Structures are given as structure tokens and as C-alpha cells.
Amino acid sequence: MTYLTATLTQFKGLISCHQPVLRKEPGRSAVRILQRYFVPRWFASLYYFGKYRCLISRDARVQFSSRISFGKGTVVKPFAVIQTGGGRISFGRDCAVSSFNHISAGTEEVKIGDFVRLGPNVTILGATRDFKPGVRVMDQSFSKQVVIADDVFIGAGAVILPGCRIGQGAVIGANSVVNDDIPANAIFAGVPAKQIRKRHESYGS
């Protein structure tokens, strides 16, 4: 307990000042670098468990930030990455984030509802980059909100691009690329993802 108490004290200042830097600046935020790369993963797992009663593998990389929140019972499996450039990332209750998922926000929100299931290698992007000529790609980042409603299943390897809204009960097929809104209870698959049918419809209809 002595070692744990000392470690908690060591990071006390970081806990109190880990609000994101939202202003544009040429270099990376020093606070964000500390949150992502210098806070031990076991410590972040313990912090989120204590605050939200969620389970995060010590082999996952979840940025240590007040802008990231989890519902009770949500599980983050090994080697998942969750990080933000300032926007909120929120998970509802009883979600499952599988191994090798990458979930990132820019300055806009990424909101994930209750009972959402993400297969392995799913990518959810709240920010991307433009590629206009004459300007470095690294200087052309922009963000859009992503919203995933309750009871959504996203198959392995799927990519959700910035600005997408996925309706309640929707299903996204494996290796699909979602670049537009998905209606509730619809099954989408493909690149780009297209509607296959509704959940209440039979396969032959």
C-alpha cells in the first residue's frame, strides 16, 4: 500500500490539471503527451475502475484524461487504444471494446451508447486530415462529431469515419467503411457501407 499511496500522490497534480488544451498551437500539448505516454497503463486502469466501475486491461492504452468516460460494466480488452485531442469520448454502460480497436477524437465529441459491441480491429475516427496542395498534410486536421447509439454491433475490421451517426440497433459488417449516417436497426456492409436489409427482415426478403 505504501508504494501505491506514493504513486497516487505523485500523480495527484496530473489528475487535477489534465484538462485538454483546445487552442491551436504549432507543437503538441505537453499535457497530452504526459497523458498518453507517461502515465502507467496499470494506473490509468485503476483510475477508471475507481471512477466508473469499468474494466480496462492493463495492456490497453487509454489516455488518462477527464475527457474520456465509461459507463458501468464496460470492458476494454488488451491492445485497444483510446485517445483524444480535446473532444470528449464517452461510452455507455456494458459496452465491449475488443482488442486492437482504435478510437480517437479530435476536438469534437465521440459518443458511444449503451450495450455497444465492437469487434477486433475496429477503428472509430473523430478527426482526419485534408490534403490540399501547398499545405503540409499534418497542418490540415479537422474534426467532426461521431455518435453511435445503443445496441449497435460493429464487426471486426470496420472503419467509422468522422461525422457519422449510427442509429440504435444497427449492425455494421466486418471490414466495412462507414462514411455516412446509418439508420436505426439497419444492417450495413461493404466499402463504402451499403444497406443489406433491416434487422426485422428475413434473409430472403
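Tutor: The account below begins with the core, then takes up a helix, the sheet and a threonine. The model is predicted, so local features need pLDDT of at least 70 and side-chain atom pairs count only at pLDDT 80 or more, while totals for chains, interfaces and linings use all residues. Residues are numbered from 1 along each chain as its sequence is written, and side-chain values use heavy atoms, with hydrogens and water left out.

A nonpolar core is a set of buried Ala, Val, Leu, Ile, Met, Phe, Trp, Tyr and Cys residues joined through side-chain atoms within 4.5 Å. Buried means under 20% relative accessible area, exposed over 50%, and partly exposed in between, with a 1.4 Å probe and protein chains only. The largest core has 43 residues, of which Tyr48, Phe70, Ile124 and Ile154 touch the most other members. Among the elements that give two or more residues to this core are helix H4 (41-52), strand E8 (102-105) and strand E14 (146-148); H4 gives the most, with five residues. Helices (H or I, at least four residues) and strands (E, at least two) are DSSP runs, numbered from the N terminus. In soluble globular proteins, nonpolar side chains tend to be buried together.

The buried residues of H4 include Phe43, Tyr47, Tyr48 and Tyr52. This helix has twelve residues and spans 16 Å from its first C-alpha to its last, close to the expected 16 Å, a value defined as 1.5 Å times one less than the number of residues. Just after H4, arginine 53 has a positive phi of about 55°.

In contacts, taken as heavy atoms within 4.5 Å, isoleucine 124 meets His102, Ile103, Val146 and Ile148, among others beyond four places in sequence. The bridge partner of isoleucine 124 in E16 is isoleucine 160. Strands E11 (residues 123-125) and E16 (residues 159-160) pair in the parallel sense over two bridges; pairing requires that DSSP find at least two bridges between two strands. The open sheet has six strands with parallel pairing, in the order E2-E5-E8-E11-E16-E19. Its edge strands, E2 (61-62) and E19 (177-178), each pair on one side only.

Strand E5 (residues 81-84) holds threonine 84, which is buried at 1% relative accessibility. A polar atom of the threonine 84 side chain lies 2.9 Å from the backbone nitrogen of glycine 86. Residues touching threonine 84 include Arg32, Arg36 and Arg67.

Methods:
A polar contact is a pair of N or O atoms within 3.5 Å; within protein, one must be able to donate a hydrogen and the other to accept it, and residues adjacent in sequence count only if both atoms are side-chain atoms.
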